[in-house]
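Me: Hey, I've got a structure open and I'm a bit lost. Can you walk me through it?
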Amino acid sequence: MPFSPSTLAGLALLLLASLAPAVALAADPAITAEMEKDQPGAHDFAPAGRYDGAHLLAQTVKAFDELTLPAGLVVTDATQTAPHFKSLITARGKVTRTLYIAPAGRSTLEILVNHEDALKAAGYEIAFECAGDACGEGFAKLKYNGDNPDSRVVVEKAGQTRDYLMRAMLEYVKDVRYALMKKSAPGGDSYVGIYVAQMTGGSLGDSSTALTGSEGILIEAVESKAMEQKIVTIKADEIDAKMASEGRIALYGIFFDFDKAMVKPDSKPQIEEIAKLLKASPDLHVLIVGHTDNKGKLAYNQTLSQKRAKAVVDLLVKSYGIPAAQMTAVGIGPAAPLAGNDSEEGQAKNRRVELVKM
């Protein structure tokens, strides 16, 4: 999401305050020690390889997730006065985010080209790349900043010292270079974003010499793959019993594409069970309620959830002959979560369709 110049300025001030403890830590030998060892249990994203002498500071891997990467320069135009990426790509699949610290004395160009060459050998092609001011004003801060969840996800549970390092690596930089690599295959496209920048230490002062002059490397990859379908279809009699005892039931076997309201074909088993129940109980009236997680704007999610609920109603009417009077579509967006939205697992639990007995 684009930030206004005033918001960026505020973020910068907040980061200066939040980084104050790092001044003390930077002079501690523990900083150097953390820079020179890999995160336990982490592994390189094989197609991109590892730059010689680099250490793997932090990593997260999700078997199935969503990743958004810059695919164009930062611009300001008549449609959006705040700086924003001219183009973005969003893809789903296995997501691997890996943050490295490279040895001092190597150029960001050399590091970037090495990773590009490794990925080209693995079948990837350059879809977009830029360097320095040519990337557009605020390129680094729009995505790669210490408080942006899209960047901070790489250091979940990484520890305080590594967290300070990550903030310094992403916030106080120069000589920024970025490349988006793409690999097309019959099963879907895979993408890798390579972000390289030299650390300056910023306002950390003389005590940041452990960081200054070294290069930070963030490699974000999304490999196209189908999500494992682990949702069990709930039978009609189970739906009936649950609504009788609790008044509602959450269903996870109704699927939609990202940001879309069309019911996917693999939802058929669950839709059939709903139709079976409604046909067997013509006096039963239910609310079909769409729920989302908290990603995005509230109004947008409310509208999307309403459209999805209506799509389920329409499908039951048109394909299964269920009277429209038996169902009412309701969309409430993220207003009734079943879990916290701070993790992908919680967000997945909140994305659902519910049947509520009236």
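This is a predicted model: local features need pLDDT of at least 70, side-chain atom pairs count only at pLDDT 80 or more; totals for chains, interfaces and linings use all residues.

Me: OK, which strand pairs with S8 over nine bridges?
Reply: That's strand S4 (residues 88-102), and the two pair in the antiparallel sense. Strand S7 (residues 190-199) is also joined to S8, by eight bridges, and those two run antiparallel as well.

Me: What stands opposite Glu 220 in S8, coming from S4?
Reply: Arg 97 stands opposite Glu 220. Gly 193 stands opposite Glu 220 too.

Me: New topic. How many residues are in the largest nonpolar core?
Reply: 28, and the ones touching the most other members are Ile 239, Ile 254, Ile 288 and Leu 316. Several helices and strands each supply at least two residues of this core, among them helix H8 (236-246), helix H9 (268-280), strand S10 (286-291) and helix H10 (298-320).

Me: And which one gives the most?
Reply: H10, with six residues.

Me: What does Ile 288 touch?
Reply: Leaving out residues up to four places away in sequence, its contacts include Ala 309, Val 312, Val 313, Leu 316, Met 327 and Val 330. Glu 354 is one of the residues touched by Ile 288 as well.

Me: What's in the second core?
Reply: That one is separate and has 25 residues, including Leu 57, Phe 128, Tyr 178 and Leu 218.

Notes: Residues are numbered from 1 along each chain as its sequence is written. Side-chain values use heavy atoms; hydrogens and water are left out. Two strands pair if DSSP finds at least two bridges between them. Helices (H or I, at least four residues) and strands (E, at least two) are DSSP runs, numbered from the N terminus. A nonpolar core is a set of buried Ala, Val, Leu, Ile, Met, Phe, Trp, Tyr and Cys residues joined through side-chain atoms within 4.5 Å. Buried means under 20% relative accessible area, exposed over 50%, partly exposed in between (1.4 Å probe, protein chains only). Contact means heavy atoms within 4.5 Å.
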